[in-house]
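Please keep the sequence and the 3D view open while going through them.

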Amino acid sequence: MTKTVWAALAATVVLTGCATPQRGSIPVVDASTAVSNQELARSNAPAPVGRTMTSNTGAYASVPQDSGVTVMVPGDNAAPIQTFPAAPASAPISTGPITIGPSMEGPAAPSSNSTYVPPASTPSAPTGIPSSNSGNGLAADEQLDGPILALLTTAQQQQSGGDLNGASSSLERAMRIAPREPQVLYRLAEVRLAQGDAAQAEQLARRGLTYAGGRPALQASLWSLIAQSRERQGDAAGAAAARQRAKVGT
Amino acid sequence: MKRTRSPRSRSRTRQPFNWRSLTGWLFKIGLVCLVVLAGFSIYLDAIVQEKFSGKRWTIPAKVYARPLELFSGLKLGKDDFLTELDALGYRREKTVEGPGSVSVAGSSVELNTRGFQFYEGEEPARSIKVRFSGDYVSGLSSSDGSSLAVARLEPLLIGGIYPAHNEDRILVKLDQTPKSLIDGLVAVEDRDFWTHHGVSLRSIGRAVWVNMSSGQLRQGGSTLTQQLVKNFYLTSERSLTRKATEAMMAVLLELHYDKKEILEAYLNEVFLGQDGTRAIHGFGLASQYFFGQPLSELKLHQVALLVGMVKGPSYYNPRRYPDRALERRNLVIDLMAEQGVATAQEAAIAKQRPLGLTKSGSLTNSSFPGFLDLVKRQLRQDYREEDLTEEGLRIFTSFDPILQTKAESAMAETMKRLDGRKGVENIESAMVVTNPETGEVQALLGGRDPRFAGYNRALDAVRQIGSLIKPAVYLTALERPSQYTLTTLIKDEPFSVKTGDGQVWRPQNYERQAHGTIFLYQGLAHSYNLSTARLGLDIGVPEVLKTVERLGVSRSMQPYPSTLLGAGALTPMEVATMYQTLANGGFNTPLRSIRSVLAADGEPLKRYPFQIQQRFDPGAIYLVQYAMQRVMREGTGRSVYTQLSPALNLAGKTGTTNDSRDSWFAGFSQDLLAVVWMGRDDNGKTPLTGATGALQVWTGFMKRAKPQSLDLPTPDNIVQAWVNPATGQGTDPSCPGAVQMPYIRGSEPAPGPACGGQSPSDSVMDWVRGWLN
């Protein structure tokens, strides 16, 4: 009997000894998971039920090369738009007059976005905003103001750093502030395309078009983006038609 | 415990056989005991370490409202801003000092934000100045004067995903804890904490002395470590063996972990109150629960209250027994002064302060069960229940507490006004508020009592929609510009059709009168049943139902003629989806309530991105919106302008079902869409039409929310043409009474000759002139 007890104790000692966690190891709640880059999985399809926290990994896949699609990141030398070469992320950003708010009728807060540089000859649409910055070839109505400019700049940095989800999120933030600013929709469409969701890219660009009245250069860029999106979706005829509109626009 | 007892009792049964060598036996027994004890302590040690180094707590997911984005030009009144700050627990001070403080001077507000980890990255804590002008933010700058483009406040915590009975906590780190709390806790609960090894003979001695001399159990000798062990590892059973185990585990815990780690665990583990079925654990959550502030910002008198409550969270519950709690708090303050934690002067000031609890029922403590229900349904599609209740997820939603409060007060006001009218007693209601441009749900009411967490009518009440379907009928027609324009003349006359099952369907107008020949848009503006039904039958019921589906409604409706007048049933949320597409230029957006999800450590997990799909020609939508604006200007919705400025363009539609069983209104401005339903749960009759019931709530809400005027950009294919208001024929702008109407290019009437004689007017023309002048 004693022997059994001894044996049991010895076994316990050995086992618990082994099971003892490392001394001083810092206890933490482990709930971390990598970024999911599947946000665009499919339009309305709900994410799979029962996905677990730990299996919901998908690695830190926001680096475009890993996402399995051809991505056009500004600064990658491949300009996203053939018509207008993309400016580097560090391009000087012009600050325009503040137009959001009660004083604003019509399309919101116009601007300069570093990837979108319309030709200097673009006739400016009359919005009552004095053109104070013609140095970089921007039409007066295409100068962005404070919050939108700041958020587009952030999104640009995130995109350059490969964080497409972050860029997308920042652009949606901008969209909530100025839902009718076509340049925000344009940038969002660009990011969606980079994320591999050509269908949404096209839709967002089309939404942008509905707010881009009187801004032919921007319209052309949007059409060009639609053309690319249609190409990605295998719609060659649609792409050609859109490309035609892009030319007509300019 | 069981393991150790059994060997002992076995040795006892062998006693009679070992009488001969007493000493040897004693030695053996002693040895066995020692070994058993050693084994037991190794066993305890494993338990102690396993739980302490693993995941210590399961944390329910936390749900946050939208963060308030501040920028120059934002539509936000100062009062609403201060309400939000109050809800976030900002302290009003003369000069701002430290995170979470705010000072108001005239129309400008200076504050120190707290900083927060968002999906897109971290928002730093900063010192900002916000200037207001009317209902708008007119300026935003850093306190040092430099300009600031945009800043975000931290989002309001609006709830969590709790299982039926649960511990809830907000984890805090030792360095986020006010020093006065740590020192106060040690002073009150365990003075020798920093020097003892888990148990303190001195404090046991002191406890024994106090209890002996007073003759009752007044003081416990448990150290903080022992208290932690008791809460963390053991049951609440009171026995000597449990006490011994507790002491052993306390010693073991001290052996493995340093004082700071033990103290941090204690701060997060301690039980401090009960909120319904939710147990409030840890100082982090207690601070939010009682003061609506982060722990790091608490002042001496607040710290003292929490420290005092450790002794008996129910007995000293400050909301239930304020006097008792105040007395205890002041005792703790005295003790803190005595121990040198606070100076005598600080203590004196602190004792003068009130308890400073958040009011129950203020924004902070009110819950929003209707909206949370919506969030939970979405989350349950994407996550397992355990993940939601245990992993400490942070859920960021589009909920706008300011709009929700306005919706609630509009509902309450209308209900109060209706109160006393016959048949209104059992009327229930539901409301959904969204942003038509982003598709985000901003507020939701599941019933007339916004605090009732039960039947969520906004999501689950499937009710006949009545005339709310009419825009779909007219949209279907207007998508065929070669056949229909806004000024196409249609007949509003009685008729009957044989339905499939041989019955005869004979629609009637609400006021049981026919209106003869009218313009197409008037049928919608005045919600005429006869003309709408005839139009719908001409186009084809299945075509109209296709339009309803394209508008975003997935619930199917029967292709009966009566469906044209709203015999089909939808939930308020589905109606919101349908009208969202109308409001958003024909782009359908699945309504969203969640923006993103972060893991407990701030790691981004999932996003619910903005998605749209163009479903209609912008031109056709433009025309329908025009007609829906007519509803508000001269039709069934015109009562809004008794309360709202005529400068405001709004579009909407009333809905009333047979015998007024349902009262609906769905409408939108540029930046707000709201759907209101009123009716009885038993589908009984009510005295309310869409205009006298739901529209009143809608108007009350819009009045409070101050919407932006509807301003749809004119699509490329829309032209304005001058028409004769009597005939709808093209005319010349020089003619008297000529009006401009929008048409899809190519469908406009040919320009008329410069002004000549006018054609004779009939009743319709008179009528038309009425609104033109």
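1. In helix 4 of chain B, the residues B:Gly184, B:Ala187 and B:Val188 meet B:Val332, B:Leu335 and B:Met336 of helix 11 of chain B, where a contact means that two C-beta atoms, placed from the backbone, lie within 7 Å. By class, this contact has five nonpolar residues, one polar residue and no charged residues; Ala, Val, Leu, Ile, Met, Phe, Trp, Tyr, Cys and Pro count as nonpolar, Asp, Glu, Lys and Arg as charged, and the others, Gly among them, as polar. Helix 4 covers residues 179–189 and helix 11 covers residues 322–338, and they pack at an angle of about 95° with their axes 9 Å apart. The two helices are therefore roughly perpendicular to each other, a label used for angles of 65 to 115 degrees, while angles under 35 count as roughly parallel, over 145 as roughly antiparallel, and the rest as oblique. Axes here are lines fitted to C-alpha atoms, for helices over the stretch in contact, and angles run from 0 to 180 degrees between N-to-C directions.

2. This is a predicted model, in which local features need pLDDT of at least 70 and side-chain atom pairs count only at pLDDT 80 or more, whereas totals for chains, interfaces and linings use all residues. Residues are numbered from 1 along each chain as its sequence is written, and chains are lettered from A and ligands numbered from 1 in the order in which they are written. Helices (H or I, at least four residues) and strands (E, at least two) are DSSP runs, numbered from the N terminus.

3. Which residues does UniProt list for "active site"? The unreviewed entry gives B:Glu189 and B:Ser467, and such annotations may be inferred rather than shown by experiment, with positions given in the numbering used here and feature names shortened. They span 279 residues in sequence, and the farthest two C-alpha atoms are 67.9 Å apart, so they do not all gather at one spot.

4. B:Glu189 belongs to helix 4 of chain B, and B:Glu189 is partly exposed, with 19 other C-beta atoms within 10 Å. A residue is buried if 20 or more other C-beta atoms lie within 10 Å of its own, exposed if 12 or fewer, and partly exposed in between. Not counting residues up to four places away in sequence, B:Glu189 touches B:Leu224 and B:Val310. B:Leu224 is itself one of the buried residues of helix 6 (residues 224–233) of chain B, and the buried residues of this helix pack against helix 4, helix 7 (240–256) and helix 8 (259–269) of chain B.

5. B:Ser467 sits in the loop between strand 18 (463–464) and helix 17 (470–478) of chain B, and B:Ser467 counts as buried, with 25 C-beta neighbours inside 10 Å. Leaving out residues up to four places away in sequence, B:Ser467 touches B:Ser527, B:Gly566, B:Lys653, B:Thr654, B:Gly655 and B:Thr656. UniProt, again in an unreviewed entry, places "domain: Penicillin-binding protein transpeptidase" at residues 430–670 of chain B, a stretch that is 28% helix and 22% strand.

6. The largest nonpolar core has 189 residues, and among those with the most contacts inside it are B:Met431, B:Tyr579 and B:Val675; such a core is a set of buried Ala, Val, Leu, Ile, Met, Phe, Trp, Tyr and Cys residues joined through C-beta atoms within 7 Å. Its largest share, nine residues, comes from helix 22 (residues 618–633) of chain B. A second, separate core of 53 residues includes B:Leu185, B:Ala304, B:Ala325 and B:Val341.

7. Is B:Asp659 buried or exposed? With 10 C-beta neighbours inside 10 Å, B:Asp659 counts as exposed, and it lies in the loop between strand 28 and strand 29 (662–668) of chain B. Its phi is near 60°, a positive value in a residue other than glycine.

8. Chain A comes to seven helices and zero strands, and buried residues make up 47% of its 250 residues. Helix 4 (residues 182–194) and helix 5 (residues 198–210) of chain A pack at an angle of about 170°, with their axes 8 Å apart, and are therefore roughly antiparallel to each other.
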